[in-house]
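Q: I have a model open and want to go through its side chains. Can you take me through them?

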Amino acid sequence: MIEAVGLTKRYGAKTAVHNLSFQVRPGTVTGFLGPNGSGKSTTMRMILGLDTPTAGHVTIGGHPFRKLPNAPRQVGALLDAKAVHGGRSARQHLLSLAQLSGIPARRVDEVLGLVGLQDVARKRSKGFSLGMGQRLGIAAALLGDPQVLLFDEPVNGLDPEGILWVRNLMKQLASEGRTVFVSSHLMSEMALTAEHLIVIGRGQLLADMNVKDFIAANSAGFARVRTPDTEPGLAEKLASVLSGAGGQVQPEPDGALRVTGLPLPRISDLAHEADVRLWELSPHQASLEEAYMQLTQSAVDYRSAVPLQVPHGQVPPQAVAQPGGLPPQGYAGDPYAAPGGPQAGAPGPYAGQPGPFAGGHPQGAPGPYGAPPAPPQAQAPHPPQQQAPAGPPPAPQHAAPADPTEQHSEDAR
């Protein structure tokens, strides 16, 4: 078991992890989630003794990693798949690790076959693709047959077959009673792989619970109701009846109704009493991605300013996921969300350009967002050039020689 108590790590004025406490128990796959810069990699490095905590402590099986006897036999980890000498073959790399830990050479061939690299075992790793490098990193983590395993983005660069293989491998390792701790940004994979979640944001714990409880606590389900398209008045009639019964009704872009606050049997009864036929009555449960976005939207440090290409008449998927429409501060990742939410006429992400919600979506208007493109501005004629006064030309201005010690910011990295 991995146990962190009051874990804190500071780098100068920057606090990467603050008072973080959690447990990773054996027998289950525990997902480790959080936005970029939230402190996940720093936490995993402190678990493995690569970074020293500023405060607090973390143990594996009751002992710090550095005090574990023959640690590679007890803990396996994949933090950086590129941490391989490119001139060595896959087998040479694993064999050197095995010899350092007293692991027999036959185990090297076993893990190469397990990860599917037996055919390229004697090829230099510098020619490996990203997915092959990931497989080699997983093989190194499994080399000592450890009881505790940590993986940071294990499916990065893998093809669909490789992703499925990693998913089944994680579940198999956990079913054998091992402690499996997996960090990933792929919510769809975490939903299929992890049973328990630890979510952090800006170095602090946001959630520590199983997947089902996490989704239930950070999202709200709704019912999707559709009336016959041949009778347009039924939708308005049903919306009025459901609202009168205490439900919250919102129209969907495709003509269906999204209903919250009423269970499905009650919606069916009300429609029957109002003599309204239904073509659809289905429940909607939020996904792990939707619940995660809802929880971490205030803890995201890096947001994209590139506008989303939303087809005309459709709502961005992140907005549809929330039963009440767009939250007051905009959904996570929405570049158009100004304080107070997107409004008609709100400016877009670029100065002087209206956003996609500007003026609504008038029917029949050209352009992807219902507004005609702005006409090109006419360029003013160039003023006539004035002739320089007669006389000797001015002395040339020589630039100061560049400082050879000064480096470009990209080179200094």
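A: Start with a charge over a ring: the charged end of Arg258 sits over the ring of Phe222, 4.8 Å from the ring centre. Keep in mind that this is a predicted model.

Q: Which ring does Arg135 lie over?
A: Trp165. Arg135 lies over the face of that ring, at 5.2 Å from its centre.

Q: OK, rings then. How many aromatic pairs does the structure hold?
A: Three. One of them is Phe22 with Phe32, a tilted pair with 6.1 Å centre to centre and 40° between the planes.

Q: Where do Phe22 and Phe32 lie?
A: Phe22 is in strand β2 (residues 14–24) and Phe32 is in strand β3 (residues 29–33), so the pair ties together parts that are 10 residues apart in sequence.

Q: Is Phe22 buried or exposed? And Phe32, buried or exposed?
A: Phe22 is buried, with a relative accessible area of 3%. Phe32 is buried as well, at 0%.

Q: Which residues do ring pairs link into a cluster?
A: Phe22, Phe32 and Phe181. Phe181 also belongs to a nonpolar core of 23 residues, which has Val58, Val148 and Leu150 among its other members. That core lies apart from the largest one.

Q: Go to the largest core. Which residues touch the most other members?
A: Ile138, Phe151, Val180, Leu197 and Phe214, out of 48 residues in that core. Helix α6 (residues 160–175) supplies the largest share of the core, seven residues.

Q: What does Phe214 touch?
A: Leaving out residues up to four places away in sequence, Phe214 touches Leu197, Val199, Ala207, Met209, Leu288, Ala291, Tyr292 and Leu295. As background, nonpolar side chains in soluble globular proteins tend to be buried together.

Q: Which residues line the largest cavity?
A: The lining consists of Pro154, Val155, Ile163, Val166, Arg167, Met170, Val182, Ser184, Glu189, Met190 and Thr193.

Q: Which element gives the most to that lining?
A: α6, with four residues. Both α6 and α7 (187–193) supply at least two residues each.

Q: How accessible is Asn70?
A: Asn70 is partly exposed, with a relative accessible area of 38%.

Q: Last one, Arg124. Where is its place?
A: In the loop between α4 (105–115) and α5 (130–142). Arg124 is exposed, with a relative accessible area of 51%.

Q: What does Arg124 touch?
A: Not counting residues up to four places away in sequence, Arg124 touches Gly86, Gly87, Arg88 and Ser89.

Q: And how many residues apart are Arg124 and Arg91 along the chain?
A: They are 33 residues apart, and their C-alpha atoms are separated by 9.1 Å.

Terms used. Residues numbered from 1 in each chain as written. Predicted model: local features only at pLDDT ≥ 70, side-chain atom pairs only at ≥ 80, totals over all residues. Heavy atoms only, no water. Phe/Tyr/Trp six-rings, centres within 6.5 Å; stacked < 30°, edge-to-face > 60°. Buried < 20%, exposed > 50% of the residue type's maximum accessible area, 1.4 Å probe, protein only. Lys NZ or Arg CZ within 6 Å of the ring centre and 35° of its normal. Core = buried A, V, L, I, M, F, W, Y, C linked by side-chain atoms within 4.5 Å. Contact = heavy atoms within 4.5 Å. 1 Å grid on protein atoms, 1.4 Å probe; cavity = no way out; pocket = protein on both sides within 12 Å on 5 of 7 lines; lining within 4 Å.
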